[in-house]
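Student: I have a structure open and would like to learn how to read its features. Could you walk me through it?

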Amino acid sequence: MPLISLSPDIPWLSLVWLSMLVPALLITAIPGTQHTLIRWIGTGFAFVSLVLSLLVFFAYDPVQGGFQFVERAAWVPQLGISYYLGVDGINLPMLVLNGFIIFTGALMSWNISERMKEYWVLLLILTTGVYGVFVSLDLFLFFVFYELAVLPMYLLIGVWGSTRREYGAMKLTLFLMAGSAFALIGILAVYFGSGLRTFDMVRLAENVNFSRAYQFAFFPPLFAGFAVLAGMFPFHTWSPTGHVAAPTAVSMLHAGVLMKLGAYGCLRVAIWLMPHGANDWLPVVAVLTVFNVVYGATIAMVQRDAKFMIGYSSVSHMGLVVMALAAATEISITGAVLQMFAHGIMTGLFFAVVGRMVYERTHTRQLPELGGLGRVMPFAAVMFIIAGLSGMGMPGLAGFWAEFTIFIGVWERYPLIAVIAVISIPVTAAYILRAMYRVFYAEAVNPALLNLPPLTWQEISGAVILAAILIAVGIYPTILTEMINQSVVPLVQQLELGGL
Amino acid sequence: MQFALTDVPRILPEILLLVLALLVLGSDVFERWANTDAARTEQHRASASLAALGLGMILIIALIQSGYVYRLPDDAPINFLTNIVRNLQNGGPASELATTPILGAFATDDLTMIGRLVVIAAAFLTVLLTYDARPTANPGEFYTLIIGSTLGMCLMAGSSELIMTFLAIELTSIPLYVLAGYFRNDRQSTEAGMKYFLFGAMSSGILLYGMSLTYGYAATAAVTQGSTGNNLTQFERIRELVAQAGEPTVLLTLGMLFLIAGIGYKVTVVPFHGWSPDVYQGAPTPITAFIATASKVASFILLFRLLTTTFPVLTGAADVIIPVEASTFTGWTSLLALLAFLTLIVGNLAALPQTNAKRLLAYSSIAHAGFLLMGLVAWSASLAMDREAGIASLLYYLVAYTVMNLGVFGVLYVVDQHTRSDEISVLNGLARRNLGLAVLFTIFVFSLAGIPPLSGFFAKFYVFMAAWQAGAEWLVIVGLITTIISLYYYLRLLRAVFIVPPDTDAPIPTPRWMATSLVLSALLVIVLGLFPNIILTIIDNVQAVAGR
């Protein structure tokens with residue numbers, strides 16, 4: 001039984017994404033000089049959206065499973081497009097993840113004062129898109145929200161970013177838009193191939209009837225289109241550059257949730273709607289993700305810039321997610337969804353520490369130039385250690401359960417790949433410990449760094465929330481795995497029926 | 001076939017446009033001679049407001065006549081008001097009269113009606129844009145030319161006969177030549193006018209040649225079949241003769257090729273696009289907006305009507321990638337698919353290195369012609385339903401294209417009024433100098449780039465769907481790839497607006513009526529994008545006519 005019950009008359013899922021669009025419109029009406037008011041509106045509504053997504057999370061009945069809180073209305077009936085929302089155990093954790101990341105991201109954005117009105121509007125529009133993608137069950141609606149989530153990034157990085165921001169912004173946007181164009185080819189192929197003339201994903205998945213050759217031809221654009229956003233090798237190069245250039249809250253959202261949109265699209269659209277194609281192509285994907293996991297981790301090892309290191313660690317960790325999706329077993333997909341959640345929270349915490357607490361005070365992220373910060377800001381050091389341990393897969397933290405499940409799942413299907421991928425675990429431990437030592441415990445290279453302004457309450461509360469979740473999920477993973485598994489089982493069954 | 005009194009309400013919008021044109025021209029005479037700036041402004045505003053009011057009223061009348069917003073029920077009470085509405089709507093596209101063209105030459109069906117509405121609305125928004133502008137010389141003539149050209153475009157949209165087609169095209173083009181070169185003291189404007197005229201004259205020649213070949217074929221067929229020699233220039237009549245003759249001959253194909261080439265100039269399809277960047281750059285900005293939108297809408301509707309009514313035997317298939325040999329050329333959809341391919345590639349690649357905003361948008365507008373052609377290409381589909389999707393997507397695209405281009409050129413015009421330049425660099429830091437204007441600009445540019453939920457996205461999406469279903473998957477993939485290329489130059493515009501710091505922080509004012517015009521366009525861009533079903537239900541009406 002769910003913990004709470006919500007009235008079915010209220011469109012909860014619409015409220016979730018509207019709670020981000022409404023403040024965006026509200027802030028446009030406020031003069032840009034009202035800094036505090038804008039910050040409070042943005043953060044307040046981010047909190048509202050978090051509460052709403054948590055309400056839905058706790059009211060979801062994991063025993064019953066399936067899509068709940070379904071909302072449906074005709075939108076463009078001529079083309080079979082409808083406004084169709086619903087959540088199951090796969091997208092619900094993502095919804096909550098986004099809630100946490102946007103709320104803490106909003107807290108981390110309080111230091112932005114230059115052109116802040118535009119900043120907040122763009123940030124909120126981006127989040128609207130992310131929420132929308134996670135709740136839509138109509139392919140067209142999914143795509144609309146998907147683009148809405150990607151595009152504001154260009155301006156957010158271009159205007160408020162740091163290192164090589166214009167280059168990073170343009171590269172990121174062109175890569176992601178190229179990805180979505182390829183995904184669109186696949187979407188049109190599904191629409192016309194099925195002959196149903198509908199964009200309703202549930203109906204499309206129930207009636208997969210296009211030929212094996214057709215799926216073989218159109219699975220690659222559909223999968224690769226979304227995999228670009230998930231940072232799959234060899235389409236990952238935009239991701240570290242983009243992460244480094246982006247302002248802190250945007251890095252958090254970006255590595256924390258946006259890359260998950262890609263992996264979620266791979267699962268929910270590509271694998272679900274084209275099982276034959278998945279069957280033929282997923283081994284190739286699995287091989288490619290080995291590069292992600294191992295190569296990403298080794299590259300992270302040699303980075304001098306802390307944000308680049310986290311960027312490549314994201315490539316490596318997201319590689320694990322895609323690898324688990326490629327294995328497509330019940331256990332591995334459960335692990336993939338759990339890893340998306342755990343990695344989202346963990347990266348959020350990493351960027352909050354490195355991008356906000358450290359960089360905003362020291363104005364450098366070069367590991368050799370930092371040092372001795374453990375004495376100046378012990379709180380940041382503790383947070384970094386928690387995130388780092390979760391990233392290494394330390395038992396007791398969320399990352400452990402995720403990686404453990406993934407390796408078990410992948411072993412079932414591709415034992416050799418699982419063995420190779422395990423190499424990444426010691427490498428990850430090495431680069432995280434190295435960075436931890438360099439930043440917090442090594443001898444201070446620059447004495448100026450020993451005298452830094454204290455942390456603000458926004459920084460502290462944001463980091464505490466994220467760390468608390470890592471620990472909570474680490475101690476009691478069932479809160480997520482139960483509902484994920486409930487939804488993954490029918491999905492995998494359907495894939496097997498569909499030919500996988 | 002005779003002109004009956006009942007035909008008068010059917011061409012009411014055209015009659016009113018003619019009256020308005022004469023009125024604006026005449027009213028100039030009653031203005032006092034202007035030799036001071038204040039008087040010139042007054043004179044300019046008098047003409048502008050008369051033209052705007054008139055066009056607005058004609059737009060409303062056309063809307064009532066169309067019955068798209070409100071259709072008078074048959075059992076409505078009879079009073080003064082309902083009589084007016086009923087009489088208007090009896091001349092509208094829903095009445096029985098609309099099934100046959102007037103004198104076989106001017107159809108008043110839904111296709112014409114949509115064309116009229118778009119064209120008149122474009123003229124209205126253009127005039128609104130110029131209201132607060134620096135006064136032009138002889139404003140009465142300026143606006144008369146705009147209205148006259150609008151009249152020509154309405155006739156193009158409804159023309160169903162070769163001679164009518166030619167006259168309508170000339171009535172549209174000649175005022176536009178003059179308008180493009182309206183700034184006599186500006187070298188670029190003069191060059192634009194001259195170039196537009198020379199290219200236009202040549203395209204008219206090509207068009208006429210195509211018409212004479214087609215007529216020649218029809219006349220020969222009529223003689224061999226022993227039927228009457230009447231009405232040989234009507235689209236319908238030519239189609240019947242071709243159908244009876246069996247296999248189409250090379251002569252007919254040749255005639256069709258010249259016709260496509262002639263109209264191809266008007267819609268800036270590669271390789272007939274050479275004039276447009278120079279003309280777009282040189283012409284006064286509101287005129288550029290008008291040329292880029294309204295004249296393209298009218299030309300596309302004409303091209304559609306001409307090809308689908310006259311040459312259904314030569315439709316062909318769009319799945320041929322490149323017709324290498326003559327034997328693989330199966331009809332006009334193959335040809336248009338090839339032209340769309342070239343247009344997409346050339347338009348988008350040539351836009352990349354541009355430094356002048358108007359020139360960049362000229363190439364972007366060429367690229368959009370490629371997307372629009374995809375809607376026509378969809379006519380090769382075997383199912384009537386899919387062909388209808390083609391025309392519906394074409395019309396939706398035309399509407400979306402018109403509003404977003406009017407908007408984007410409008411913003412450039414506002415900036416141009418202040419800085420007297422239309423290089424991309426004058427947009428630098430627009431977000432700091434006028435945030436509202438920058439937001440409007442972003443909406444238009446994103447819509448042009450095809451970003452949801454704006455109408456430009458749905459337009460592209462719908463056109464892709466139609467083309468895909470017609471078997472032109474390869475063209476859809478080319479379209480998607482070029483869309484990504486296009487994103488680079490659209491983002492360059494936004495980079496200037498948001499990221500590059502300005503030389504000066506002095507705010508750029510937006511005069512009231514310019515702002516009104518821009519906000520109206522932006523609202524349409526957003527609303528049509530969010531609720532495409534509103535306009536799709538209207539477009540559905542067209543299919544009944546066009547789906548023959």
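This is a predicted model: local features need pLDDT of at least 70, side-chain atom pairs count only at pLDDT 80 or more; totals for chains, interfaces and linings use all residues.

Student: Where do Glu191(B) and Lys195(B) lie in the chain B fold?

Tutor: Both belong to helix H7 (residues 187-225) of chain B, where they are four residues apart, about one turn of the helix. The pair also belongs to a network of salt bridges that links Glu191(B), Lys195(B), Asp278(B) and Arg359(B).

Student: Why does Glu191(B) count as partly exposed?

Tutor: The idea is to compare relative accessible area with two cut-offs: under 20% is buried, over 50% is exposed, and partly exposed lies in between. Glu191(B) is partly exposed because its relative accessibility is 40%. Lys195(B), at 24%, therefore counts as partly exposed too.

Student: Is the Glu118(A) and Arg115(A) pair buried or exposed?

Tutor: Glu118(A) and Arg115(A) are both buried. They form a salt bridge whose closest N and O atoms are 3.4 Å apart. Over all chains, the count comes to 20 salt bridges.

Student: Now the surface. Which residues make the nonpolar patch of about 260 Å²?

Tutor: To join a patch, a residue needs over 30% relative accessible area and no salt bridge. Here the patch is made by Ile10(A), Leu15(A), Leu18(A) and Val22(A). Val22(A) sits in helix H1 (residues 12-28) of chain A and is partly exposed, with a relative accessible area of 37%.

Student: And what lines the largest pocket?

Tutor: Look at volume, then lining, then residue class. The largest pocket has a volume of about 1300 Å³ and is lined by 36 residues, with Leu21(A), Leu25(A), Ile125(A), Leu148(A) and Pro453(B) nearest its centre. Elements giving two or more residues to this lining include H1 and strand S1 (68-76) of chain A, and helix H19 (512-530) of chain B. H16(B) gives the most, with seven residues.

Student: How many of the lining residues are nonpolar, polar and charged?

Tutor: The lining has 31 nonpolar residues, three polar and two charged.

Key: Residues are numbered from 1 along each chain as its sequence is written. Chains are lettered from A and ligands numbered from 1 in the order in which they are written. Side-chain values use heavy atoms; hydrogens and water are left out. Patches are made of residues with over 30% relative accessible area and no salt bridge: like charges are joined within 9 Å, nonpolar side chains (Val, Leu, Ile, Met, Phe, Trp, Tyr) within 5 Å. Accessible areas come from the Shrake-Rupley method with a 1.4 Å probe; for residues, only the protein chains shown count as cover. A salt bridge is a side-chain nitrogen of Lys or Arg within 4 Å of a carboxyl oxygen of Asp or Glu. Buried means under 20% relative accessible area, exposed over 50%, partly exposed in between (1.4 Å probe, protein chains only). On a 1 Å grid over the protein atoms alone, a cavity is a set of points where a 1.4 Å probe fits but cannot get out, and a pocket is an open set with protein on both sides within 12 Å along at least five of seven lines; lining residues have an atom within 4 Å of a point. Grid points are joined across faces, edges and corners, and a volume is the space filled by probe spheres set on the points. Ala, Val, Leu, Ile, Met, Phe, Trp, Tyr, Cys and Pro count as nonpolar, Asp, Glu, Lys and Arg as charged, and the others, Gly among them, as polar.
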